[in-house]
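Subject: A structure for you to explore

Hi there,

Here is the structure I promised to pass on to you. Have a look around it first, and then read my notes below.

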Amino acid sequence: MNSEMTSRERVLAVLKGQIPDRVPHFEWEINSPVVTALTNGGTYEDLIELLDIDAVVVGAEYHKELIGNNLILNEWGVTSAKGAVERPLPVDALAPIRSWQDFEKWSAPDPLAPFRFETAKRRIKRFKGQRAIILYVRDVWSHPRDLMGYMELLIACLEQPDLVSAVVERCIDHTLIIIERFAELEAEVVFTGDDIADNHSTLISPKLWEALFMPHFRRLVKALHDFGFYYWKHSDGNIMPVLDMLVDAGIDGIDPIDPLGNMDLATIKETYGDNIAIKGNVDCVDVLVNGPKEAVIQAVKECISIAGPGGGYVCSSSNTIHSGVKPDLYKTMVEAIHTYGTYPLDMERLITSI
Amino acid sequence: MTLDKIYKSVLEGDAPGTEANVKSSLDEGVEAGKILNESLIAAMHEVGNRFENGEYYVPEMLIAARAMQTGLVLLKPHLVEAGIESAGKVVIGTVKGDLHDIGKNLVAMMLEGAGFEIIDLGTDVSPDQFIAAVQEHKPHIMGMSALLTTTMQGMKSTIEVLEEAGVRDSVKIIVGGAPVTDDFAKEISADGYAPDASRAVAVAKSLV
């Protein structure tokens, strides 16, 4: 254990299965109202420094245009509707790919368009060497879902599997070029956030998942490793039916161990903790929304006491810092991780209720 | 015999087969109510069981529901003519500010498959729209869905608005969605909560 680790070293230690100086913390997404509130109008980058968050997330940018009052068309040809309190959601009825004819006419955006990397380059320049640079891309599910429509993709998995597979392959082709570019920019960790499960189970059967998506998933993971990236997979929900497949494919980390899907942090730590890094799972549905602060601190202590021993653990929310999270409660969570997450862990202090 | 075929075609998600078999049954003079209860509803009940048991996943549920709906379209005029009433009327929607619809759609399909009449208000449904639908359709049950922590509070405010409008006691309210829990349902004084589409059927049946 190194007592003077940088944030970057702390995150990489976890991915290497080593014990860092402190349980790291970062989030895949911190909603802008929370950023604004905590930084008095500052930026995501300012918040990273203010709260000493251990990783910064970067990604490729895609242009969007407003069409009509409420619709947004992106470079993928996906039309989304603006909701009152959430990010735009693709409109199934306007999905661009329904048939082989649609697919043959459709092409992915130019992955190397110069504007795609501008924000990421600025972030990388600011934090390189100090904090872990984590590249967000999509894996095998979310692009096809948006391109074919959610319900239509689910049905197509049964009725047009070859089309689904072709769509996934073309999207992965695009993603691999993005990844290669980010390898040149010296990002070190890739995270994908495609949600493949709900609270009940995976959306599709493990058998279909293996047949349709795992070949592409394995291709992605192999390419990521060939480029030198560590790879962290996120999915909401109960992913237990396919988790062995994901681990066997070579993922380096899993997130967020969704309590809503009855994913149990202790079970995941015990079963997979020797092989992959674990990130999660301070409740962001109730505790980080309603508090009080004491409940947040208690939740952090419980998570660290369960998953912290032996390292290999990042303490974070159970999904993202969404717009309903109270800024002060998020700050309390980060401070509690810093307070209680120093190695060697003080287990007596961690298991004592506040 | 054709009832068995209908049952099987729904389970397999075979919409054309369901349509053809329902037509055959009607042509043979089988009562519409019998076709509904012993093939379509029975099959969707089995779909729910298989979903709960992990034999079926969302795609299998979707194509079964699609097949069931194909048969139901053919049956409806005959059911009306025979004076057969639905298991109950359900107004359903995703709450204001939330555009997610797949969970709500699955619940609606499974309830329809259990013999309920569905009035689907869609997504981003305001409290006033829920009230208007309750006043217009006089449903037995009103279902609210939310996928987001931020929008599920809209369930509470919708129930409050129903109370203010004096129509809360005229309808049973069920809620669901990824962040929604039984505790939350109780906290906002909903009458029922179901963690998934399949179990929503049992909850709805218990309330009518």
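Before the notes, one term: a crossing of two helices is left-handed if the near helix is turned anticlockwise from the far one by less than a right angle, and right-handed if clockwise. You will also need to know that helices (H or I, at least four residues) and strands (E, at least two) are DSSP runs, numbered from the N terminus. This is a predicted model, in which local features need pLDDT of at least 70 and side-chain atom pairs count only at pLDDT 80 or more, while totals for chains, interfaces and linings use all residues. Residues are numbered from 1 along each chain as its sequence is written, and chains are lettered from A and ligands numbered from 1 in the order in which they are written.

**A pair of helices in chain B**

The crossing of α6(B) and α7(B) is right-handed. Contact here means that the C-beta atoms of two residues, placed from the backbone, lie within 7 Å. On the α6(B) side the contact is made by B:P127, B:F130, B:I131 and B:V134, and on the α7(B) side by B:S157, B:T158, B:V161 and B:L162. These residues divide into six nonpolar, two polar and no charged. For those classes, Ala, Val, Leu, Ile, Met, Phe, Trp, Tyr, Cys and Pro count as nonpolar, Asp, Glu, Lys and Arg as charged, and the others, Gly among them, as polar.

**Chain A as a whole**

Chain A has 15 helices and eleven strands. Its radius of gyration is 20 Å, close to the 20 Å that the globule rule gives for 354 residues, so chain A is as compact as a globular protein of that length. (The radius is taken over C-alpha atoms, and the rule is 2.2 Å times the number of residues to the power 0.38.) The C-alpha trace of chain A spans about 65 × 45 × 40 Å along its principal axes.

Of the 354 residues in chain A, 49% are buried. A residue is buried if 20 or more other C-beta atoms lie within 10 Å of its own, exposed if 12 or fewer, and partly exposed in between, with C-beta atoms placed from the backbone. One example is A:I297 in helix α13 (residues 293-307) of chain A, which counts as buried because it has 22 C-beta neighbours inside 10 Å. The C-alpha atoms of A:I297 and A:Y340 are separated by 9.1 Å, and the two residues are 43 apart along the chain.

**Backbone details in chain A**

Which residues does the cis peptide bond with omega about -5° join? They are A:Y343 and A:P344, and A:P344 lies in the loop between α14 (327-340) and α15 (347-350). The peptide bond from A:D255 to A:P256 is cis too, with omega near 0°. A:P256 sits in the loop between β9 (253-255) and α11 (265-272).

A:N40 is not a glycine, yet it has a positive phi of about 55°. A:N40 is in the loop between α2 (32-39) and α3 (44-50), and it counts as exposed because it has 8 C-beta neighbours inside 10 Å. A:D52, not a glycine either, has a positive phi of about 55°. A:D52 is in the loop between α3 and β1 (55-59).

**Where the chains meet**

The contact takes 26 residues from chain A and 21 residues from chain B. Helix α7 (residues 150-159) of chain A gives the most to the chain A side, with six residues.

Enjoy exploring!
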